[in-house]
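Here is a friendly note to read alongside the model. Please keep the 3D view open as you go through the points.

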Amino acid sequence: MIFLGIQSNEDKTFTVAQMDKNRNILSISNFWKEGLLWFLDHSNPSVVSVNFSEWFDSVQSKNAYEVISKLVELFGFEEAEESVSNAEEIVIKTDVDLFFKQLVRKELLPINTREGIEQRVYNLPKAGIIVRPEMLSKEKKYLQREVTAVATAFAGYSIHHSQFKIEEREGNKLFIPVYRFVPENKRIISGR
């Protein structure tokens, strides 16, 4: 099973994280719209999650909606509703900041600050999400996108395992992963 997380960016690109069934990140990539469609056609994902953060500008929201419509029209995905009985070939909307607020004990810092990014990266392993450090960019702008895409992919994983809650915002159903601490000895690192 492959879970994809898609982050729509201000510059009309998309950052995509690919997660396996053991919560290991297989790849993190950046695409223009045409490249994203090619990737979706060739990656054969089970669940695709698209991030809809409150801080999105209108272009990011428009592009995120467009990705969902292309998944439904071109690839036969179904948009998830209240209950998810078949967690194959579905697309969901999520807001990863609502997930990160569960992980962070103190106040969640803004993602556009170095401290906010570090806060999120540090807390990913607590949920059992394994990201090799060399996969992540050193540049703040790209790291912000990548961390968000990783958490978005985890939302798809959570749907498959029925570990989510639903929140509504502006008529959208957002599927938010429920945080469950994974002890270090239970974190599975897939063979590479």
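1. A crossing is called left-handed if the near helix is turned anticlockwise from the far one by less than a right angle, and right-handed if clockwise. The crossing of α4 and α5 is left-handed. Helices here are DSSP runs of H or I, at least four residues, numbered from the N terminus.

2. This is a predicted model, where local features need pLDDT of at least 70, side-chain atom pairs count only at pLDDT 80 or more, and totals for chains, interfaces and linings use all residues. Residues are numbered from 1 along each chain as its sequence is written, and side-chain values use heavy atoms, leaving out hydrogens and water.

3. Take α5 (residues 140-160) by itself. The 21 residues of α5 reach 31 Å from first C-alpha to last, close to the 30 Å expected at 1.5 Å a residue (1.5 Å times one less than the number of residues). Of these, 17 are buried, so α5 is largely enclosed by the rest of the structure (buried means under 20% relative accessible area, with a 1.4 Å probe and protein chains only). After α5 comes Ser162, with a positive phi near 50 degrees.

4. Now look at α3 (residues 96-103), which packs against α5 at about 85 degrees, the axes being 9 Å apart. Axes are lines fitted to C-alpha atoms over the stretch in contact, and angles run from 0 to 180 degrees between N-to-C directions. The two helices α3 and α5 are therefore roughly perpendicular (65 to 115 degrees).

How values were computed
Angles under 35 degrees count as roughly parallel, over 145 as roughly antiparallel, 65 to 115 as roughly perpendicular and the rest as oblique. Buried means under 20% relative accessible area, exposed over 50%, partly exposed in between (1.4 Å probe, protein chains only).
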